[in-house]
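Subject: Structure for you to look at

Dear colleague,

Please read the notes with the structure open beside them.

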Amino acid sequence: MTIDALDSMMPGASRQRMTAEQRAWLAERLGGVRIGIAGATGAVGREALALLAEAGIPPDRVTASGSVGSAGVTIPYADDTLAVVSAEQLAGSHAVLLATPASVSAELAPSLAGRGALVSDNSSALRARVPLVIPEINSSRIKASARLVASPNCTTTIA
């Protein structure tokens with residue numbers, strides 16, 4: 001299966017994922033922010049990219065990172081495409097979503113946070129060490145100085 005074929009199987013691939021109000025809220029909060037998605041070629045990464053595209057985040061503010069094997073591949077983003085780059089190229093991002101295996105997250109998260117990025121990890125790598133956050137339930141656990149947060153996992157967060 002190709003990466004492009006995977007897109008047609010994604011949840012909500014042929015429909016909008018957000019209401020107009022949600023799109024406006026997200027676009028307002030992400031105005032000017034450079035966003036990185038690590039694991040962009042996987043199911044969770046592709047869905048994150050779809051949400052950003054739907055909110056109207058321009059492709060020049062989004063960096064898609066993948067495994068060594070997917071570096072150089074292009075993936076669809078809104079009416080454009082993004083080149084998949086190495087994880088080192090996420091260093092200029094203001095915020096990074098890690099949709100990666102725990103071993104990758106454990107290596108990337110501290111490095112990216114140390115460079116000033118806000119990092120949200122979907123793996124199990126950080127759950128015992130940083131705030132475990134579901135924004136609608138316990139966003140108060142996030143301190144203003146926090147650079148790292150963990151989510152329970154992609155399916156729990158959606159539920």
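A residue is called buried here when its relative accessible area is under 20%, exposed when that area is over 50%, and partly exposed in between. Please also keep in mind throughout that this is a predicted model.

By that definition, the buried residues of helix α3 are Gly-45, Arg-46, Glu-47, Ala-48, Leu-49, Ala-50, Leu-52, Ala-53 and Glu-54. Because nine of the 12 residues of α3 are buried, this helix is largely enclosed by the rest of the structure. From its first C-alpha to its last, α3 reaches 16 Å, which is close to the 16 Å expected at 1.5 Å a residue. Just after α3, Gly-56 takes a positive phi of about 85 degrees.

To step back to the whole chain, there are six helices and seven strands, and along the sequence they follow the pattern α-α-β-α-β-β-β-β-α-β-α-β-α. Of the 159 residues, 42% count as buried, while the accessible surface comes to about 8,600 Å², with 57% of it belonging to carbon and sulfur atoms.

The seven strands form an open sheet of mixed pairing, in the order β3-β4-β2-β1-β5-β6-β7. Its edge strands are β3 (74-77) and β7, each of which pairs on one side only, and the twist averages 25 degrees from one strand to the next.

Taking some of the pairings in turn, β1 and β5 run parallel and are joined by four bridges, with Leu-98 in β5 as the bridge partner of Ala-38. Helix α3 packs on the sheet, where it touches β1, β2, β3, β4 (80-85) and β5, and its direction makes about 40 degrees with that of β3. Helix α4 also packs on the sheet, touching β1, β5, β6 and β7, and its direction makes about 170 degrees with that of β5.

Strands β2 and β4 pair in the parallel sense over two bridges, and there Ala-64 has Val-84 in β4 as its bridge partner. Strands β3 and β4, by contrast, run antiparallel and are joined by four bridges, with Ile-75 standing opposite Leu-82 in β4. The hairpin of β3 and β4 has two residues between the strands, and in this hairpin Ala-78 takes a positive phi near 50 degrees.

Helix α4 (residues 102-114) has 13 residues and reaches 18 Å from its first C-alpha to its last, close to the 18 Å expected at 1.5 Å a residue. Leu-108 is itself buried, as are Ser-105, Ala-109, Leu-112 and Ala-113 in α4. What covers the buried residues of this helix includes β1 (35-38), β5 (95-98), β6 (118-121) and β7 (148-150). Just after α4, Gly-116 takes a positive phi of about 100 degrees.

Pro-59 is placed in the loop between α3 (43-54) and β2 (62-65), and it counts as partly exposed because its relative accessibility is 27%. Leaving aside neighbours within four places in sequence, Pro-59 is in contact with Tyr-77, Asp-80 and Leu-82. Pro-59 and Thr-81 are 22 residues apart in sequence, with 7.7 Å between their C-alpha atoms.

The other residue is Asn-138, which lies in helix α5 (residues 135-138). Asn-138 counts as buried because its relative accessibility is 18%, which falls under the 20% cut-off. Not counting residues up to four places away in sequence, Asn-138 touches Leu-132 and Val-133.

With best wishes

Key
Residues numbered from 1 in each chain as written. Predicted model: local features only at pLDDT ≥ 70, side-chain atom pairs only at ≥ 80, totals over all residues. Heavy atoms only, no water. Buried < 20%, exposed > 50% of the residue type's maximum accessible area, 1.4 Å probe, protein only. Contact = heavy atoms within 4.5 Å. Expected span 1.5 Å × (residues − 1). Pairing = 2+ DSSP bridges. Axes fitted to C-alpha atoms, helices over the stretch in contact; angles between N-to-C directions. Areas by Shrake-Rupley, 256 points an atom, 1.4 Å probe, with all protein chains shown as cover.
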